[in-house]
Amino acid sequence: MNSTQATVSSILTYSIVDGPGNRFVIFLQGCNFDCACCHNPDTIGEYNPMARQYSVAEILELLREHLPFLSGVTVSGGEPTKQLKFVIELFGAIKVDKELADLSCFIDSNGYLGESGWESVLPVTDGVMLDIKSFDDSAHRELTTKGNLKSLQSARILQAAGKLYELRFLLVPDKTDSDAELDGLIEFVGTLGLDTRIKLNAFQHHGVRAEALEWEKMSEEGVDRAAERLRAAGIENVITPVLYL
Amino acid sequence: MKDTVNKLRAIANDATLSPAQKAHYLSLEAENMLAYPVLDAETQEALDQRVICDMYEGHAPYKPRYVLPDYSIVLKNGSEYLELPVPETLDEAINTLMIVYHHVPSVTGMPVFIGHLDDLLLPFCDGVSDEDLYTKIKLFWRYLDRTLPDAFMHANIGPTDNRVARTILRVDAELKQIAPNLTFLYDAQISGDEILAIASNNIVECSKPHIANHPVHAAAFDERGYGIVSCYNVLPIAGGASTLPRVNLKEIALRSSDEKNFFADVLPRYLELAFRLAQVRVDYLFDESNFFHSFLVEEGWIERDRFTVMFGVFAMAEAVNELQDKEGREGRYGFDEEANALGHRISKVLAEVVEKRTLNNVWRGHAMLHSQAGLSDDVETTPGVRIPYGTEPDPVTHVQALAPHHEYYPSGISEILTVDESIKNNPEAMLQLCKGALDCGFREFTVNVASNDLVRVTGYMIRLSDIKKFNEQQGSRTNTTVLGAEAADVTGILDRKPRVVGNELYPGYSQ
């Protein structure tokens, strides 16, 4: 079964921003959203000249090579759950491998996956970082081309399973940093639990496509204001970026 | 002579130096008005061309470069010469150390090693409350930084997890001082993850401590042990290093017609000249300077036969790239497997030669190979075996490229990994990187976190805000800021992403 392949846009053996510790990150090619604000737009389409096929066995080999440096593996993208079979087999293989079993297995997802999908992958997954792009369905559609119902439902499923490591929210000036959006976030987190780890990301220009370059960058002050609003509402664990590019 | 007098005058009237700093530079100039110990013509020529280098240690070696007293002796016996009774309480023990540090010489005039502080102080801590211990260590730490303001001064803790070590880590993260420099000796079998995690968090906080690979170091020394001093120099306790000659591998490669000529003729020739330089300087120290007629020896803090010679090399990256060019190969050092393998081969040859060449009045009869981290006026050469500034790959690739060198450098080798400040949200990553590096055979794990004000310049710390002040002609309380400021001007340290520069020692005054 280790011959299952995935289309991989790129691989990092060092990442300190994709989950706890130093992580081996596999960026899988292809996404079911098409966000103008995506900082990695080359990974959206099905085709990318830089992408190549990796089998589960090949990834396991790479993990062994870098094992002493790794806290775990994160599949990101694109949208990694689009290649769910590969993710399930990779994580499953790690869990039963004597040498690799201590590596934690994380997914960085936009949440566009149904309940049965999650049920199939969660048993071999340690945590999920889930992005919610907007709490307003039509705004979400405008930003991503899809509605937000599935993503919100995913957050509830992951929370119930104890696998929601972090809920991420991208602050874009005049688009997702309004009081109404933040209150939507606060209300939603209230239903998940106020101890949910919330990561506020700041929209920056690095990597984004031309259309989004016209949008204003999110300032540190703006992020701090949003974080304060969340904390004042009782959300305990709000993480803000250290770096603003 | 007129130039010399003008230079002395410039030092005396310098607006940015303190009187003590002036006295230090004036003394260096005075020493260098003496004739150099006699060298044969070939060695002299290589030195003049700076293919080999004496680190500007001075014309009259009247003290060893690094001295590592066995401080447990003075805590056990007191000192007759210094009229110090045997300490009985923690206050008395700390006070004794505070006094004796001022009697420990080194190339900088300040002690480069202040002891395995937890081993030294733990026996005095019974009945001392945590709060009292914290207060005493904090005052001690403040004293060290203010009275011995030199970041080459180095404290060691570990490998056990104990309350003195924990308190020192707590105080160090809180005060974020330049001095003392700090190394935690880590042994996976002894230390445990908890204190390593605390140390990792400290690195995130203030880029200190270094983490030393204790089992690897311990195996290179005897039962009396070793200390990590100055910047990443690993030397025998109750001894030290008499001198540190170094060879510029880039210059040697430039003088070679090809790889074969480099290994067969040019490298061996210059290594031999560097050994001769070392022997001449050691002979002066042992036979003429009267250094060992000292209470340090009489009272047993140091022993005459425990001083090694550190045999330094630098500019490995440039040497390898030069040889690659000469062989018509494109791969660059740090990135290409073939180029990296050539570097590893050079290190292996160096280690073999150093092991074989006997020297008199040197611990174990031969020098110890050292990856030398540079001087503040080095230009277009990379410290030790490091990858050139600003081009370093990510920390994992970086470690993997350089790890095979580490087994060959028992008296110290260091790479400075740069990690961006996102790690402040993820300190677990620092712990993992550290474990990975040590697991790969790194002797020393050292990291700069990109945004910290406290930043490592090769092995010592400076404050960026101090450099800014210094350059605005306000002077600096700490000697190493002067180094950092010169390094900033000469090598563009502040322009570099990693904020790391290749200077270990400031050789003298320059305007």
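Student: How do α3(B) and α12(B) lie to each other, roughly parallel or roughly perpendicular?

Tutor: α3(B) and α12(B) are roughly perpendicular to each other, a label for angles of 65 to 115 degrees, while under 35 is roughly parallel, over 145 roughly antiparallel and the rest oblique. This is a predicted model, in which local features need pLDDT of at least 70 and side-chain atom pairs count only at pLDDT 80 or more, whereas totals for chains, interfaces and linings use all residues. Residues are numbered from 1 along each chain as its sequence is written, with chains lettered from A and ligands numbered from 1 in the order in which they are written.

Student: At what angle do the axes of α3(B) and α12(B) cross?

Tutor: Axes are lines fitted to C-alpha atoms, for helices over the stretch in contact, with angles from 0 to 180 degrees between N-to-C directions; helices (H or I, at least four residues) and strands (E, at least two) are DSSP runs numbered from the N terminus. Here the axes of α3(B), residues 41-48, and α12(B), residues 259-288, cross at roughly 100° and come within 9 Å.

Student: Which residues of α3(B) and α12(B) meet?

Tutor: Contact requires C-beta atoms, placed from the backbone, to lie within 7 Å. On the α3(B) side are E42(B), T43(B), A46(B) and L47(B), which meet Y270(B), L273(B), R276(B) and L277(B) of α12(B). Sorted by class, this contact has 5 nonpolar, 1 polar and 2 charged residues, where Ala, Val, Leu, Ile, Met, Phe, Trp, Tyr, Cys and Pro count as nonpolar, Asp, Glu, Lys and Arg as charged, and the others, Gly among them, as polar.

Student: How many residues of chain A and chain B are in contact?

Tutor: Between the chains, 15 residues of chain A are in contact with 18 residues of chain B. The side of chain A that touches chain B has 10 nonpolar and 5 polar residues, and no charged ones.

Student: Which strands pair with β7(A)?

Tutor: Two strands pair if DSSP finds at least two bridges between them. β6(A), residues 127-132, pairs with β7(A) in the parallel sense over 5 bridges, and L130(A) stands opposite L167(A). Another 5 bridges join β7(A) to β8(A), residues 198-202, and these strands run parallel, with A202(A) as the bridge partner of L171(A).

Conventions
Contact = placed C-beta atoms within 7 Å.
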